[in-house]
Structure formats: C-alpha cells, structure tokens
Amino acid sequence: MPFISVMVPVYNAKETLNACVESILGQTFQDFELLLLDDESTDGSAQLCDALEQKDSRIKALHKKNEGVGMARNALLDAAKGEYYCFVDSDDYVSPYYLAMLLEMCRSTGSPMAVASYEVCNDGDPCPVWKADAQPVEVIPADAYYERLYTIHEALYVVPWGKLYHRSVYEGVRYPALSRCDDEAVIHQLVKRAQQIAISDTPIYAYYMSQGSVMRQAGFRPALLDGDTAYQMRETFFAEQQLKTLQYLNQRTRAASLLAIYSWITPETKDADKWRKEVKHRFDQNLRNMMRNPAASKHCVMRLLKCRCKMKPGVMFDRTELLFGKNSL
C-alpha cells in the first residue's frame with residue numbers, strides 16, 4: 001500500500017497537467033500513489049490522464065461526471081489508499097521536497113496535519129528556488145488555527161493544497177456540492193479532527209496564476225454566493241462548539257465579503273435587481289446574528305449599519321480594506 005496518496009482533480013488542464021505531474025513524480029520521497037481524476041474535461045485532459053497512467057505504475061487515472069471540484073475531491077478521497085493524503089491542483093506544481101518536508105513536519109511534531117507556504121507564480125515567471133527543510137516549524141492547537149482563518153493570510157490556512165493530512169483527519173468529512181469555496185466549508189472540520197497542526201513559512205508549492213484564472217475574473221457571478229454559503233456552514237459549526245468569538249470573526253468576514261459582492265453587481269449584470277436583493281437579505285440576516293452575539297464589537301456593528309445605508313448601485317466596498325485596512329471594521 002502507498003504511504004501517501006497525492007490527489008489531483010483535473011478539469012480542462014491539458015496545457016498544465018504534464019508539468020504538474022512531472023513535479024510530483026520528481027519527489028525525493030517516493031512511496032506514494034498519484035491519483036488523477038478527470039472531471040469530464042472537454043480539452044483532451046481525460047485522454048492525457050489515461051496516457052500518463054501508462055507511463056508510471058504509481059499513477060491511476062479516474063473519471064467521473066462533472067459535478068464541481070468538491071465532488072471531485074470526494075471521489076479522490078474515496079479512492080485513496082495511503083496513510084496520508086495531500087492535494088495538488090492540476091495547473092500548479094510542487095517542490096521536489098513537497099512530500100518529504102510535510103511528512104517530516106508531521107512526524108517530528110506528532111501532528112496529524114502539516115501546512116507549509118506557497119509562491120504565487122504568474123505567466124512567464126521562473127520556477128522558485130526551493131529549500132530542502134522546513135525550519136522553523138510552529139505547532140499550534142485547533143483554536144489558534146481557527147483564528148488564522150480570519151487573518152490577511154487566510155488563503156494559506158484554508159486551501160486544501162500545500163498540506164499533508166493523516167487519513168484519520170478526513171474520516172467522516174467530505175466536501176459540499178458548491179461550485180466554489182468548498183474548502184472554506186470544510187477546513188474547520190479538518191482542524192477539529194487534527195487538534196494539533198504543524199506550520200512552516202517555507203514555500204513548497206507554486207500556485208500558478210494564469211491570465212484566464214478564475215481568481216482573476218472580475219465582476220459578479222451567482223457562484224460567488226457559494227462563498228457566503230460556506231461561511232454560513234462554518235458559523236453553524238462554531239455555534240455548535242459555543243465559540244462566540246470565532247462566530248463573531250466569521251460574521252465580520254462574511255459581512256465584508258457580502259459588501260464586496262454587492263459592489264460587483266452592475267447594471268449590466270443579468271437579473272441585477274434580484275441579486276442585489278439576495279445579497280442585502282444575506283447581509284441583513286448576518287448583521288442581526290452579529291447584533292445578538294455578545295462577543296461582537298459595537299464599533300464593528302455600528303460601521304456595518306452605516307455600510308448598510310450605503311448599499312446602493314454604484315457604491316464600492318473593498319473587502320481587504322474593510323477587514324485589514326487602517327479603518328477596518
């Protein structure tokens with residue numbers, strides 16, 4: 001049985017998949033299986049997955065009906081046989097020390113989950129110069145990790161890649177059927193099961209930002225509200241755990257996110273009035289919950305009430321500025 005299951009969801013990634021797979025096969029730690037799951041691609045990625053399977057006995061090509069990346073990750077988790085799990089996106093690539101470093105972080109600290117940093121790479125950027133060790137390594141409990149989900153570096157702690165998980169961390173945990181932000185809806189569950197997490201600032205993952213990347217797409221689209229749905233799921237989790245301060249941090253972040261989404265609805269947006277009404281409804285619901293939360297900041301509540309009065313077509317709200325700027329909520 002392989003010691004680590006490396007899982008790659010694949011959707012229309014024909015141009016980048018070879019480089020991704022080569023970086024995984026070039027690991028210094030070699031006891032792994034590589035699962036490629038084609039999610040009903042239309043660009044020849046499915047055939048490429050099958051061809052790659054023939055080239056290396058560690059590679060297994062899987063295929064499923066397209067239901068979004070969360071369902072693809074679930075299918076990969078169901079197929080994985082390793083003692084540890086990790087994810088890589090099909091348009092990214094990893095350090096040759098990716099698996100070895102994360103595994104050593106788990107082993108040396110007795111942690112069932114390890115997290116390392118990443119480099120953002122744009123079109124034409126040279127490959128990063130990778131380090132072979134992850135010093136220093138910090139070990140934190142679940143409650144401290146939860147708080148980091150609401151810092152300016154939130155993405156590092158939320159995304160499924162750049163991490164190694166003991167298989168027990170995923171027992172009973174699967175991703176929801178959201179078109180985006182499914183990881184936001186699950187990370188807190190994984191952290192609760194891990195209880196202790198090893199963290200390093202050492203980059204071992206290249207996050208590739210192409211010009212056509214979803215993360216570069218501007219403007220409103222209904223799928224953006226999946227992120228808000230994920231925040232609602234997380235708030236329910238914190239409420240069940242009686243973690244009022246974390247509930248407040250989640251409510252604050254959710255409010256800033258909804259304000260930004262509202263800004264992106266323009267007169268050209270299809271069904272603009274319908275979506276403005278929906279975003280306002282979600283914002284009001286969240287604000288009422290915050291006002292009932294004894295851990296909520298009165299300053300934040302007052303600022304949000306003022307923002308609510310400004311929610312009109314053409315008014316712009318910046319999520320980063322609202323959460324982390326000089327005059328933050």
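Let's start with helix α7, residues 187-194, where I187, H188, L190, V191 and A194 are buried; buried here means under 20% relative accessible area, against over 50% for exposed and partly exposed in between, using a 1.4 Å probe and protein chains only. These residues sit on the same side of α7 because they cover an arc of only 160° around the axis, with the arc taken from the directions from the helix axis to the C-beta atoms. An α-helix has 3.6 residues a turn, so residues three or four places apart point the same way. Bear in mind that this is a predicted model, in which local features need pLDDT of at least 70 and side-chain atom pairs count only at pLDDT 80 or more, while totals for chains, interfaces and linings use all residues. Residue numbers start from 1 along each chain as its sequence is written, and side-chain values use heavy atoms, leaving out hydrogens and water. As for the element names, helices (H or I, at least four residues) and strands (E, at least two) are DSSP runs numbered from the N terminus.

What do the buried residues of α7 pack against? Their partners are β6 (113-122), α5 (142-148), α6 (154-158), β8 (163-166), β9 (196-209) and α8 (225-240), where contact means heavy atoms within 4.5 Å. Take α8: its axis and that of α7 come within 9 Å and cross at roughly 35°. These axes are lines fitted to C-alpha atoms over the stretch in contact, and the angles run from 0 to 180 degrees between N-to-C directions. I187, H188 and K192 on the α7 side meet M233, R234 and F237 of α8.

Now over to the strands. β1 (residues 4-10) and β2 run parallel, joined by seven bridges; for two strands to pair, DSSP has to find at least two bridges between them. V6 has L34 of β2 as its bridge partner. On to the next pair: β2 (residues 32-38) and β3 (residues 59-63) are also parallel, with five bridges. Here L34 is partnered with I59, and L35 with K60.

The chain gets from β2 to β3 through helix α2 (residues 45-55), in a right-handed β-α-β crossover. Right-handed means that, with the strands pointing away from the viewer, the path from the first strand over the helix to the second runs clockwise. β1, helix α1 (residues 17-25) and β2 also form a right-handed β-α-β unit.

How many residues of β2 are buried? Seven of its seven. In a regular strand the side chains alternate between the two faces of the sheet. In β2, F32, L34, L36 and D38 lie on one side and E33, L35 and L37 on the other, and all are buried.

Between α2 and β3 there is a loop holding R58. Beyond its neighbours within four places in sequence, R58 contacts L25, Q30, F32, E33 and L34. Its C-alpha atom is 8.9 Å from that of D31, 27 residues apart along the chain.

Last stop: N286, in helix α10 (residues 272-291). N286 is buried, at a relative accessible area of 1%. Not counting residues up to four places away in sequence, N286 touches E235, Q251, R254 and A255.
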